[in-house]
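Hi everyone, thanks for coming.

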Amino acid sequence: MTGIGNQTNNVPGKLDQHLAGLSVGDSSDARPAGSGPKRYIPPHLRGKPPTEPAGKTATLERTSSWSGNMAAARDRSRSNERAAGGGAERAAVGREDTGDVRRAGGGGGFGGGRGDAMARTTTWAGRREEGGGRGGPVRAGAFGMWAGGKHVHGQRNQRTETELFGEADDPERMHTGINFEKYDDIPVDASGRDPPAPITNFDDADLEPLLLENIKMSGYRVPTPVQKSSISYGRAGRDMMACAQTGSGKTGGFLFPILNESFRKGPCEPQGGDGRAHYRSRAARPIALILSPTRELTSQIFDEARKFCYRSWVRPCVVYGGADIVGQMRQMERGCDLLVATPGRLVDLIERGRVSLSNIRYLVLDEADRMLDMGFEPQIRRIVEKEDMPGVDSRHTLMFSATFPRDIQMLARDFLKDYIFLSVGRVGATSENITQRIEYVEDEDKLSVLLDILTSGDTTRLTLVFVETKRMADRLSEDLLYSNIPASAIHGDRTQRERERALENFRTARTPVLVATAVAARGLDIPNVALVVNYDLPTDTDEYVHRVGRTGRAGNTGTAISFFNRGNRSIARNLIDLLKESNQDIPEWLAIVAREGSGFGAGARGRGRGGYSSGPSRGSGFRDHRSGGFASARNDRDFRPSHASAPSAAPAGRSAGGGGGARGSAYSHNGPPPMPPALENDPKNSWF
Ligand SMILES: Nc1ncnc2c1ncn2[C@@H]1O[C@H](COP(=O)(O)OP(=O)(O)OP(=O)(O)O)[C@@H](O)[C@H]1O
């Protein structure tokens with residue numbers, strides 16, 4: 001077996017001689033001793049004669065001298081990095097920049113390009129539209145209008161439809177997987193005053209005809225549980241806090257009720273001749289505001305909104321940091337009824353007098369627990385409570401996330417009235433569509449084990465690798481490139497353009513491995529991500545839930561592999577709970593670690609990033625709004641009665657490994673090294 005035992009031989013300083021004999025590169029690849037890591041030899045090539053580098057994708061093929069030059073580029077990059085205090089362009093970055101851009105208009109990016117494109121595209125109703133999004137020009141008339149108290153739909157346009165909805169078999173679009181119907185087996189619990197019954201299907205839900213048409217054009221046939229409930233609550237005008245698993249359609253969950261009501265009711269203000277409100281000020285006055293924590297997620301929500309707003313009077317608009325603010329202001333001047341924004345950029349635009357929130361009827365906090373943790377809460381409070389947004393009684397507020405710690409639920413109530421708490425499955429649980437594996441890997445073995453994973457099975461599958469720091473993201477992507485694995489990195493220190501490129505190259509499988517920090521953990525919906533690797537485990541299980549949730553979406557299956565070692569013991573207990581809930585195998589050694597680490601694990605629920613540690617004062621007084629009593633500390637993620645929380649059956653297909661190809665492969669390892677027999681019975685001795 002080619003296992004970790006062999007892989008650890010790759011650690012510098014060990015068995016160099018042996019490795020030299022196995023090198024797949026020619027002498028031009030050789031690096032002076034001590035100048036960096038040795039070239040990685042995939043298991044299937046070990047002991048075989050040298051061959052040319054695989055040239056796995058066009059990315060690698062385009063630069064023929066890449067392999068030989070990589071070491072020099074890497075050294076240059078590292079010295080640049082030192083000179084620039086860590087902000088230098090790296091070899092990986094340089095390679096991304098050589099990529100051609102798929103989208104029209106030169107944007108090519110995940111969000112900014114489209115944002116710019118929208119600036120060229122959108123107009124007031126009935127006026128000429130000049131440029132297209134990624135699909136080119138959008139013809140006049142694609143937008144509808146509100147005229148004479150009626151919703152006048154825009155004309156259909158084939159090109160726009162292809163741009164928005166894609167072709168039926170487009171591999172870059174998400175298609176539902178074999179377990180999509182199984183979402184209906186997940187227990188749903190709604191609490192609060194008289195929650196209305198959920199709808200059962202789109203056709204009988206009395207949806208506005210245009211919304212129904214757009215939903216169908218998006219390929220949605222059946223609503224997911226969260227959508228069934230939210231559409232019905234939206235119609236009843238109820239606020240909601242919704243918790244549903246990653247990849248289970250929460251975006252539609254908030255867009256559908258908002259758009260259904262907006263299409264029905266029309267704009268807020270008195271109408272001018274063209275059916276739209278006129279203002280003296282240049283401020284945009286959206287009726288709906290959707291706030292989300294990251295630029296990429298914001299851009300993605302905007303893309304979804306564009307689909308469902310197609311041919312309607314509602315103009316979606318997007319603003320986020322790192323992109324040209326002037327272009328965004330221009331875009332808003334041309335129509336902004338539904339604004340998707342990151343908080344920082346929105347505050348900037350409010351301060352410049354370019355956005356007024358006085359017409360807001362619908363407020364959405366996506367990833368609400370993140371939006372209300374310590375990193376964002378002050379900005380959210382300012383936007384919601386200190387600007388000109390109508391008060392809680394005069395707007396509808398919707399909060400969505402896959403995780404909702406109790407202390408944040410308590411905080412969230414400041415922004416809600418008479419709300420319904422909806423949970424689909426257990427609060428903060430992972431999807432059973434994800435096969436989760438925990439591997440014991442020491443820090444110094446992580447790279448070797450990762451390389452084994454990446455080179456076993458289908459090497460073109462999309463793999464997202466999470467690390468804790470930006471620096472590590474850069475380093476690891478370099479190391480992967482050096483080993484001929486097409487990889488790029490995404491993190492907060494990269495420019496927006498670089499972030500967009502990295503995501504685009506990942507999405508299109510030009511670089512099928514993306515090394516990411518937490519910036520990519522939440523909300524991103526990238527089709528065909530087969531494998532998530534937690535190279536560094538987070539300290540917080542909610543973060544873990546979001547990270548692994550980048551795979552196994554929309555009823556598809558996926559695999560998540562997490563590297564665990566003694567540095568992660570504080571998460572062991574909560575991790576075991578999560579694994580149990582979603583019917584995953586729990587390694588025996590992990591249970592031992594959890595028992596041993598009881599003194600360490602208790603505080604593991606604190607938010608890891610930009611958050612605060614959940615001290616006793618915040619969560620302890622939480623009032624269970626159903627029972628009227630105080631929730632016990634029995635389970636800090638779920639305060640529903642236990643009978644409502646029965647785990648659903650494991651979905652079919654999970655055992656197939658979801659394309660991860662991970663089971664039984666070379667890197668399999670069963671736990672920490674055995675305790676020397678002489679010491680193992682002594683309770684003072686423990687690996688942890
Ligand atoms: N009713 C539906 N029918 C088919 N596909 C759907 C439906 N609802 C959503 N989807 C698709 O499922 C995928 C996941 O949806 P979405 O991104 O809204 O999940 P989410 O619950 O917000 O996930 P996360 O917690 O990661 O943010 C998307 O590609 C979306 O287009």
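**Around the ligand**

Let's begin with the shell around the ligand: by class it has 7 nonpolar, 11 polar and 3 charged residues. Please keep in mind throughout that this is a predicted model.

Which residues come nearest to the ligand? Of the 21 residues around the ligand, those are M174, G249, K250, T251 and A554. And which element gives the largest share of that shell? That would be helix α10, residues 250–265, with 3 residues.

**From α10 to its neighbour**

Let's stay with α10 and look at how it packs. Helix α9 covers residues 225–235, and its axis comes within 8 Å of the axis of α10. The two cross at roughly 25°. An angle under 35 degrees counts as roughly parallel, so that is the word for α9 and α10. As for handedness, the crossing of α9 past α10 is right-handed.

Who makes this contact? On the α9 side you will find V226, Q227, S230, I231, Y233 and G234. On the α10 side there are K250, G252, G253, F254, F256, P257, I258, N260 and E261. Sorted by class, the contact of α9 with α10 has 7 nonpolar, 6 polar and 2 charged residues.

**A second pair of helices**

Now please look at α13, residues 343–351, and α15, residues 377–386. Their axes are 10 Å apart, and they pack at an angle of about 40°. Are they roughly parallel or oblique to each other? With that angle, α13 and α15 are therefore oblique. Their crossing is left-handed. From α13 the contact takes P343, G344, L346 and V347, while α15 brings Q379, I380, R382 and I383. Here the classes are 5 nonpolar, 2 polar and 1 charged.

**What the record says**

UniProt places "domain: DEAD-box RNA helicase Q" at residues 200–228. That stretch is 45% helix and 0% strand, and its end C-alpha atoms are 6 Å apart. UniProt also places "domain: Helicase C-terminal" at residues 433–594. This span is 37% helix and 20% strand, with 25 Å between its end C-alpha atoms.

That's my tour, and I'm happy to go back to any part of it.

How values were computed
Residues numbered from 1 in each chain as written. Predicted model: local features only at pLDDT ≥ 70, side-chain atom pairs only at ≥ 80, totals over all residues. Near = placed C-beta within 6 Å. Helix = DSSP H or I, 4+ residues; strand = E, 2+ residues; numbered from the N terminus. Nonpolar A, V, L, I, M, F, W, Y, C, P; charged D, E, K, R; others polar. UniProt positions renumbered as here; feature names shortened; annotations may be inferred. Axes fitted to C-alpha atoms, helices over the stretch in contact; angles between N-to-C directions. Parallel < 35°, antiparallel > 145°, perpendicular 65-115°, else oblique. Left-handed = near helix turned anticlockwise from the far one by under 90°. Contact = placed C-beta atoms within 7 Å.
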